Amino acid sequence: MSEVAAPDTIVVIDDDYAMRLSCSKILSKMGLRVEAFENGARGLEGVAEHKPGLVVVDLKMPGISGLEVISRVHEIDPQIIMVVITGYATIDTAVEAMKSGAYDFLPKPFSPDELRMIINRGLDRRRLALESQRGEVERALLKRRFVTFVSHQLRTPLVAIHQYLDVLKHLDQTKDDPARRQEWLDRCLKRTEELQNLITDWLTLARVEGGTLVKERVEIDLKPIVSSILASYEEMAAAEQVSLDVVWPEEALCVWSDRNCMNVLFDNLITNAIKYNRPGGKVTVTGCLSGGEVAIAVADTGVGIPEKYRPFLFDEFFRIKGEGVKRTEGTGLGLHISKRIVSEMGGSIEVESQAGIGSTFRVRLPAWCAPAEDTEIGGWE
Amino acid sequence: MEGKRILIVDDDTDFVEAVACFLEADGLTVFKAYNGEEGVKLAKLERPDLILMDIMMNERTEGFFAIQEMRRDAGLKAVPIFVISSLCTHLPDFEIPQSGGWLAHDMFFSKPVDLVQLLEKIRQRFEKAA
């Protein structure tokens, strides 16, 4: 964080005037704000008013005891760090105080250095606690947003289907236009497909996140896998007037991976390259072995991805909207899933793109090396 | 109802098409916009008698921004706006009271919307205005 944080406030509660004064002096010199009180009741009011990060409290005081102060302070804010001051004779009570939530204790007499050390440690501890709490809040918020977003995504196609069916039901049959009826039914079918894709992708994502997508690790040659995916999209590519090309090296492109994961990964990249292309365009898949890695590139001849969007391309549900971008169906999860799979396999995925020329997605995965034969140890004399 | 002009603002083309067709069958003239900005532009240009507005479009609250923008325009200050959104699926359809600031008198419908009821509410609104 670049902003200058306000100084932490420390509340000191001690019935001994000299102790309050010396603590205040030392802590003020550390750049901290100090508020000192002479008994537990005043001290608790002070805590409520000044919202300190840390409270130093003497265990043995007339009136409200130090132990009670600890629990009452934690009722106000459980994140406040409590440090107790105690005489040697009451070390048992100090242990008791630790049990009831004090962070640390200072046996009397103590040196300024000891006080400084304990206060710094306590404040560090508090910062850590607050940071992790913030992290949790953020994660919870993200999760809630994810759920809202997904339910909106699921509902949208359903609403469209419902609305079409509703109109078809109500419109005057005699004035009905059969061509329109047919078109609407086609669109309903298309939207159910959209819904199915979303659910499939969402499940895949859940599996990636739950670590259950990768079922096995076997030696896989990516050449036949990618080739058969390409073959299965020939029809779709022809409909979009996009040609499919592949350039393979002589050798096999073997990785140590899960067959299903590799299918999902390259299926995503290849369908994207077809969808985000132009009529008359081309999808070119190339592969090679280099530096112990299998590198596969999927290149399209589409409009390209504006630079400002590239950092978000692999985020979940990120989709480029507007600005002359072709409206295509998609769940916004494909690339996110691809990235998760590649990371799981210890590889990398990146994109290069040039406006008007096209985009190339490059996947690198650790190559699988056959264990070298004839290297048995101890076979020779 | 005949000849009244309705503007639909929604990013789902299928939804727009279905609702538009239903309203047109009842003699209404329908204008279509597919995002908040387009909606505001078209509203200023065509001066519709009533606006149907989606909320979650490109931005999570795009529809609300569009409504605020429309309310800032003197000519659109009083045009009834019916919000149709899946934001409020768990609520019955409701009307914002007069004290509702820039949403005063506007109605909220959940998605999918009951088209027969929607048409009835539109009719009532026009009768009240007449």
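Predicted model: local features only at pLDDT ≥ 70, side-chain atom pairs only at ≥ 80, totals over all residues.
The largest nonpolar core contains 42 residues, of which Val19(B), Leu52(B), Met53(B), Phe82(B) and Val83(B) touch the most other members. The greatest contribution to this core, seven residues, is made by helix H1 (residues 13–24) of chain B. When residues up to four places away in sequence are not counted, Val19(B) touches Ile8(B), Leu52(B) and Leu115(B), together with Gln163(A). A second, separate core of 35 residues includes Val208(A), Val242(A), Ile337(A) and Met345(A).

Chain A also carries an open sheet of five strands, paired in parallel and arranged in the order S2-S1-S3-S4-S5. Strand S2 (33–37) and strand S5 (104–108) of chain A stand at the edges, and because each has a single partner strand, one side of each is left without a neighbour in the sheet. From one strand to the next, the twist averages 20 degrees. Strand S1 (residues 9–13) of chain A runs parallel to S2(A) and is joined to S2(A) by five bridges, with Val12(A) standing opposite Ala36(A) in S2(A). Helix H4 (residues 91–99) of chain A lies across strand S4 (81–87) and S5 of chain A, and runs at about 170 degrees to S4(A).

Key. Residues numbered from 1 in each chain as written. Chains lettered and ligands numbered in written order. Core = buried A, V, L, I, M, F, W, Y, C linked by C-beta atoms within 7 Å. Buried ≥ 20, exposed ≤ 12 C-beta atoms within 10 Å, placed from the backbone. Helix = DSSP H or I, 4+ residues; strand = E, 2+ residues; numbered from the N terminus. Contact = placed C-beta atoms within 7 Å. Pairing = 2+ DSSP bridges. Axes fitted to C-alpha atoms, helices over the stretch in contact; angles between N-to-C directions.
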